[in-house]
Amino acid sequence: MIVRAARELAYLLAGVLIGPATFLWALITTLASGLLSVTYLGPPVFLVLTWVTRRLAGLERWRAGALLGRPVPAPYEPASGANPWARGRTLTREPATWRDLTWLVLMFPLGLATGIPGVVVAVVDLGTILAPLWLWAVPNPHLPPVVDTLFNTVPGRFALTLLGVLLALPVRWLVGTLARTQAELAVKLLGQGPRQRLADRATELAVTRRRVVDAQAAELQRIERDLHDGAQARIVAAGMTLALAERKMRATGPQGDPARDDLLTARRQLDEALAELRRLVRGIYPPILTDRGLVAALGALAGDASLSVVVRAGDLGELAPAVQAAAYFVVAEALANIAKHATADECVVDVVRREDVLSLEVRDDGRGGADPSGSGLTGLRRRVEALDGRMEVTSPPGGPTVVRAELPCAS
């Protein structure tokens with residue numbers, strides 16, 4: 001309690017001392033910016049002045065956070081602009097810049113209004129409590145009788161001490177209230193506003209969701225590798241063993257042996273299980289994506305399609321597994337729908353990476369009329385939206401049907 005009271009008192013006292021300096025700096029900044037705003041030097045000078053202002057505001061955020069027991073995040077947006085003139089003009093449009101100046105101006109009158117009463121009351125109460133230790137050193141023979149008894153006699157001085165102790169709690173409450181009021185106002189002006197906190201939270205949730213999606217993609221890759229290298233390899237080995245056993249029985253046993261027929265049935269069932277497992281592995285995470293990348297995987301899809309498919313894709317750079325998988329399944333589902341419903345002769349798949357966005361388009365020359373809200377397309381849209389992407393389907397009657405998707409792929 002004593003340490004916290006000392007911290008609050010120090011906060012008020014520092015505000016009284018810093019207030020005049022910040023007020024003077026805000027005045028200089030405003031005058032200099034106003035006079036130079038019509039000249040070529042205005043933006044770069046404002047940039048330098050704002051840098052100093054933000055250091056002072058940062059000090060105030062630290063002071064308020066230390067008093068309130070919680071950090072005060074800076075409200076500034078990332079600097080933009082290729083040169084000092086552009087960055088200076090950007091700062092003039094940022095609300096946090098003017099809130100900083102507003103606080104530096106308010107610190108002077110606010111410090112006087114809260115700091116002086118708080119410091120004076122605290123010092124007087126502390127002096128009253130310590131009266132026996134110092135009043136003997138300042139005797140005054142001209143005091144009124146009651147005051148003279150309190151100041152110049154030992155019982156009177158201890159009575160002052162008792163009075164100071166009784167007033168300590170009200171004084172402590174007053175100092176704390178004044179300090180917290182000033183600090184809370186500093187947080188409101190210098191901290192993040194509701195919209196910025198909401199935007200930061202949305203960014204944080206987007207990053208968290210991206211990490212979850214990446215972790216899910218990595219887990220699917222692990223499952224695919226385990227199935228490919230483990231269960232699938234064992235099934236292949238079992239199939240080879242059955243094939244050898246069937247060959248031996250054919251060489252040594254009579255035709256029509258029931259055991260041989262059962263062996264052939266088991267081998268056929270094993271081949272069917274292997275084919276099903278391979279389809280499952282491709283549905284989880286196509287191995288070709290891991291081995292050769294998205295462009296090669298799309299080329300393989302085009303080669304397996306029942307119509308002519310042209311894939312046009314350049315260098316896509318390194319892509320996250322989740323992005324590769326989403327793009328692959330969008331094209332795969334689109335080609336499957338075209339083969340089933342579009343009666344198309346040709347399809348073109350365009351894949352382009354522009355900065356941090358992967359854009360893909362699947363266009364066919366079929367009859368159109370596809371339902372964008374169908375279950376297959378809806379599932380793909382949700383997969384794309386899970387990566388903060390977007391997907392749209394255009395399919396007027398008579399065609400063509402165009403599936404477009406954009407996937408963020410920033411590293």
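Is Asp 388 buried, partly exposed or exposed? Asp 388 is partly exposed, with a relative accessible area of 41%. Buried means under 20%, exposed over 50%, and partly exposed lies in between, with a 1.4 Å probe and protein chains only.

Some ground rules. This is a predicted model: local features need pLDDT of at least 70, side-chain atom pairs count only at pLDDT 80 or more, and totals for chains, interfaces and linings use all residues. Residues are numbered from 1 along each chain as its sequence is written, and side-chain values use heavy atoms, with hydrogens and water left out.

Back to Asp 388. It sits in the loop between helix H13 (375–385) and strand E4 (390–394). Helices (H or I, at least four residues) and strands (E, at least two) are DSSP runs, numbered from the N terminus. The phi of Asp 388 is near 65 degrees, a positive value in a non-glycine residue. Most residues other than glycine have a negative phi.

Now the sheet. It is open, with five strands in the order E1-E2-E3-E5-E4 and mixed pairing. Two strands pair if DSSP finds at least two bridges between them. E1 (308–313) and E4 are the edges; each has a single partner strand, so one side of each lacks a neighbour in the sheet. The twist averages 10 degrees from one strand to the next. Axes are lines fitted to C-alpha atoms, for helices over the stretch in contact; angles run from 0 to 180 degrees between N-to-C directions.

Look inside. E3 (357–364) and E5 (402–408) run antiparallel, joined by seven bridges. Ser 359 has Glu 406 in E5 as its bridge partner.

Last, a helix. H12 (321–342) packs on the sheet, touching E1, E2, E3, E4 and E5. Contact means heavy atoms within 4.5 Å.
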